[in-house]
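Below is a set of questions and answers for someone meeting this structure for the first time. Each answer sets a value beside the cut-off that applies and then draws its conclusion.

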Amino acid sequence: RVKQQNASALRIAKTLEKHPVVEQVYYPGLENFEGYEVAKHQMSGFGGMVSITVRGGAAAAVKMVDSLSLFAIAPSLGGVESLVSQPSLTSHRDLSAELRAERGITENLIRLSIGLEDSEDIEKDLLQALALL
């Protein structure tokens with residue numbers, strides 16, 4: 001299960017970093033990720049968690065998340081199914097806007113937990129949602 005999630009997440013991260021609507025992709029398996037060298041030496045895979053920021057702020061993030069059909073919206077992540085969360089509206093909503101900003105929790109941040117579905121299906125779902133922005 002973990003090997004498949006690792007492979008799918010890396011594929012998704014590489015696809016998303018090329019998308020014009022995506023501002024930033026946070027994934028330790030990408031060579032331009034700040035901690036890539038450390039992750040490469042410490043990990044046998046890079047995990048199933050991918051975070052992105054999208055152009056268009058909070059409204060664009062909400063629209064993208066609401067447009068996903070394969071992903072379930074969840075406040076906590078890490079299951080076998082693909083899940084999506086907007087930390088500013090879920091796990092970190094009780095923090096002030098200033099504290100969220102200080103911690104890098106922007107309103108356009110989206111966290112993706114890549115599940116065991118076919119990676120092509122996951123990719124198609126994300127791309128169709130991004131196309132609506």
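**Reading the values**

Q: Why is R11 called partly exposed?
A: In this predicted model, R11 has a relative accessibility of 34%, and because buried means under 20% and exposed over 50%, R11 falls in between and counts as partly exposed.

Q: What makes the contact of R11 with E123 a salt bridge?
A: The closest N and O atoms of R11 and E123 are 3.0 Å apart, and since a salt bridge needs a side-chain nitrogen of Lys or Arg within 4 Å of a carboxyl oxygen of Asp or Glu, the pair qualifies as a salt bridge. R11 lies in helix α1 and E123 in helix α5, so the pair ties together parts that are 112 residues apart in sequence.

Q: Is E123 buried or exposed, and why?
A: E123 has a relative accessible area of 14%, and because the cut-off for buried is under 20%, E123 is buried.

Q: Why does S119 count as buried, and what is it in contact with?
A: The relative accessibility of S119 is 17%, so S119 counts as buried, the limit being under 20%. S119 lies in helix α5, which covers residues 119-131, and, leaving aside its neighbours within four places in sequence, S119 is in contact with S8, R11 and I12.

Q: How do you know that the span of α1 agrees with its number of residues?
A: At 1.5 Å a residue, the 16 residues of α1 should span 22 Å, and because the end C-alpha atoms of α1 are 22 Å apart, the two values agree. The buried residues of α1 include A9, A13 and L16, and what covers the buried residues of this helix includes β1, β2, β5 and α5.

Q: Why are β1 and β3 said to stand at the edges of the sheet?
A: The open sheet has five strands in the order β1-β2-β5-β4-β3, with mixed pairing. β1 (22-26) and β3 (72-73) each have a single partner strand, so one side of each is left without a neighbour in the sheet.

Q: How do you know that β1 and β2 pair?
A: Four bridges join β1 to β2 (residues 49-54), and because two strands pair if there are at least two bridges between them, β1 and β2 qualify, and they run antiparallel. V25 stands opposite I52 in β2.

Q: Which residues have the most contacts inside the largest nonpolar core?
A: L16 and V50 have the most contacts inside this core, which has 29 residues. Among the elements that give two or more residues to the core are α1, β1, β2 and α5. Leaving aside its neighbours within four places in sequence, V50 is in contact with residues including A9, A13, L16 and V25.

Q: What makes the aromatic pair of Y27 and F46 edge-to-face?
A: The ring centres of Y27 and F46 are 6.4 Å apart, with 70° between the planes; because rings pair if their centres lie within 6.5 Å and planes over 60 degrees apart count as edge-to-face, the pair is called edge-to-face. Y27 is in the loop between β1 and α2, and F46 is in the loop between α2 and β2.

Q: Why is D94 called exposed?
A: D94 has a relative accessible area of 71%, and because exposed means over 50%, D94 is exposed. The side chain of D94 meets that of R93 in a salt bridge.

Notes. Residues numbered from 1 in each chain as written. Predicted model: local features only at pLDDT ≥ 70, side-chain atom pairs only at ≥ 80, totals over all residues. Heavy atoms only, no water. Buried < 20%, exposed > 50% of the residue type's maximum accessible area, 1.4 Å probe, protein only. Contact = heavy atoms within 4.5 Å. Core = buried A, V, L, I, M, F, W, Y, C linked by side-chain atoms within 4.5 Å. Phe/Tyr/Trp six-rings, centres within 6.5 Å; stacked < 30°, edge-to-face > 60°. Expected span 1.5 Å × (residues − 1).
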